[in-house]
Amino acid sequence: MKKFFQHINLPQAGLFLVLGLLFGWIFFGTKSAPAEETDHDHDHVHATAAGESVYTCSMHPQIRQGEPGQCPLCGMDLTPAAAGGGQLEPVRLEMSPEAVALARIQTSKVEAGGQLPTKPIDLNGTVRMDESRLFSQVSHLAGRVERLYLNTTGARIYQGQKIAKVYAPELVAAQKELLEAISLQRTMPELYEAAKEKLRQWKLSDEQILEVERSAKLIQNVDIFAENSGVVMQRKVSVGDYVKAGQVLFEAANLRRLWVEFEAYEQDLGFLKVGDQITFSLEGKSYARPITYIDPAIGARTRVAKVRVEISNPTGKLRPEMLVRGQALAKAVASPESQLVIPRTAVMWTGKQSLVYVKVPDRDIPTFEARKVDLGESLGDQYQILAGLVAGEEVVTYGTFTVDAAAQLNNRYSMMNQDIEIGPAQEEEKEAMPQEELPSFVEEVKRADQEQLDGLYAAYFQFKDFLVQADSVQAKSALASLGSTLEALSFGNLSEEAKAAWTQAQQQMGTVIADAQTESLATQRVALEPLSMELIRVVKMFGVGTGEKLYVQFCPMAFNDKGAAWLSNDSDIFNPYFGDLMLSCGWVEEEL
């Protein structure tokens, strides 16, 4: 607190004195009041004597008074509070049926067994030449290149086509040997046949050999014919060059069949196997092809492995080095005991722990229990559950954040309220997690990615500023805009670790935003805290964008003196948790 008072000037001290008197009257005269209420609001909120009926708001359970009326925060009619609510265990929360209906809270059963859902894996790839269809066209004899029938890269070759004419002195000498062997044909037929076979080895046909015998005219130049069909990828010789037998004249490839090589990160390789389908689009046409090969080694620098599919190219429209984006719908591989799955929307992530809300069965009043779970693999829009749930239990899948906000406001155990007094059996659960040490991926973030981060931060600052102004209508619109910006943000090439970190942060912020789409200022301010903490993590891992500096600011009085932080692009304090009530409460905790 010493650091806090160092930031307070004389006018602010006077303001806090008045506020101190006001809050003393609130807390000791009325026993209950939310942090953001005005003096007019306090006139409507008071405790009742033991045994009297207590009325509360379905959406703001912190409002409690001894007679029917309207909620001073949202104007809704107050309803009788659930009897005995104060006797619940700290990890449980009762909500009236009206509150459950208004918040549109939905649950689903945890299922065991059956077929696991597929995991969508996004992949980047490149069209490559099929290595089995690459060939080198060589000269089968030594000599001087007299003519090239193909002399440009990209020219098409057809099997049997003339591609070059070569003057071969050795061929001339071999023909002379044949003519001399003709006279010895009767006495030494083996010598005659050997001379003919030598010419055949140099690709002279039997007709050409017979013509040499009949006319005694030597063939000076011999044509080289293409052995395969394809496209010239590289020309190796020019007219006038001397070549050796077996020397390459052209490098060529048959492009009627191609490979598409995708890059798969280490964390995804366990879900991919030969035969799985990858869908992708090229030249406006969609394809689905099975994986034919997975690289057994991972690149030391890139940390990815090649995953290959094959594709026919009869028209030649597809070209090597085209870029491709594809997706594999891979099935998770899991043991029977880990085949519990729940929707992603049910999970609230709290640093290194995950929290869900389980509906307590056989209760007349809807009751929800906070439960920590161990997550397995992320399976698209679902998670595997390794521990913490059993088959048949119901978890909140829509409105999770609303339940958590209600638990926080009622001083129950929640994602943002893990330090309350709970029983000895739960003492281990309440232990605070150590400070998380975050990796830095700033070096991987390109200029275009920094500009995207600028947009994300700007959308957050707009939402935060409307909370400063206590404008819940504009804040709701700004929160929706923040959600759209977050969903559209896509980094360039990142390492496996960076990609996983961003995906996790994106999912956690998306869950908070989706559950906080309300015009309730109290709920919006509750949502700001986990949203801010996750965004601060993003700044520390991926940088401040194209700007120079951002500030982590902290208010020690938020949420019943538990304190809460937020992110700002201005070093001056404008408190979003209290607005005008305590606009300057807080200090700069950290400069990023």
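In this predicted model, Arg92, Glu369, Arg371 and Glu393 join up in a network of salt bridges. The structure as a whole holds 17 salt bridges, and a few of the others deserve a look too.

Take Arg128, which turns up in two of these pairings. With Glu261 it forms a salt bridge whose closest N and O atoms sit 3.7 Å apart. That pair links distant parts of the chain, 133 residues apart, with Glu261 in strand β15 (residues 257-265) and Arg128 in strand β6 (residues 118-129). Glu261 has a relative accessibility of 14%, under the 20% cut-off, so it counts as buried. Arg128, at 27%, is partly exposed. The other partner of Arg128 is Glu321, and here the closest N and O atoms are 2.9 Å apart. Glu321 belongs to the loop between β19 (304-312) and β20 (323-331), so its bridge to Arg128 in β6 ties together parts that are 193 residues apart in sequence.

Elsewhere, Glu591 pairs up with Lys549 in a salt bridge, with 3.3 Å between the closest N and O atoms. Glu591 sits in strand β29 (residues 587-591) and Lys549 in the loop between α14 (521-542) and β27 (551-555), so this bridge connects parts 42 residues apart in sequence. Lys549 is partly exposed, at 38% relative accessibility.

Then there is a pair of helices. Helix α5 (residues 169-182) packs against helix α6 (residues 189-201) at an angle of about 155°, their axes 9 Å apart. Angles over 145 degrees count as roughly antiparallel, so that is how α5 and α6 run relative to each other. The crossing is left-handed. The residues in this contact comprise 9 nonpolar, 1 polar and 3 charged.

How values were computed
Residues are numbered from 1 along each chain as its sequence is written. This is a predicted model: local features need pLDDT of at least 70, side-chain atom pairs count only at pLDDT 80 or more; totals for chains, interfaces and linings use all residues. Side-chain values use heavy atoms; hydrogens and water are left out. Axes are lines fitted to C-alpha atoms, for helices over the stretch in contact, and angles run from 0 to 180 degrees between N-to-C directions. Helices (H or I, at least four residues) and strands (E, at least two) are DSSP runs, numbered from the N terminus. Angles under 35 degrees count as roughly parallel, over 145 as roughly antiparallel, 65 to 115 as roughly perpendicular and the rest as oblique. A crossing is left-handed if the near helix is turned anticlockwise from the far one by less than a right angle, and right-handed if clockwise. Ala, Val, Leu, Ile, Met, Phe, Trp, Tyr, Cys and Pro count as nonpolar, Asp, Glu, Lys and Arg as charged, and the others, Gly among them, as polar. A salt bridge is a side-chain nitrogen of Lys or Arg within 4 Å of a carboxyl oxygen of Asp or Glu. Buried means under 20% relative accessible area, exposed over 50%, partly exposed in between (1.4 Å probe, protein chains only).
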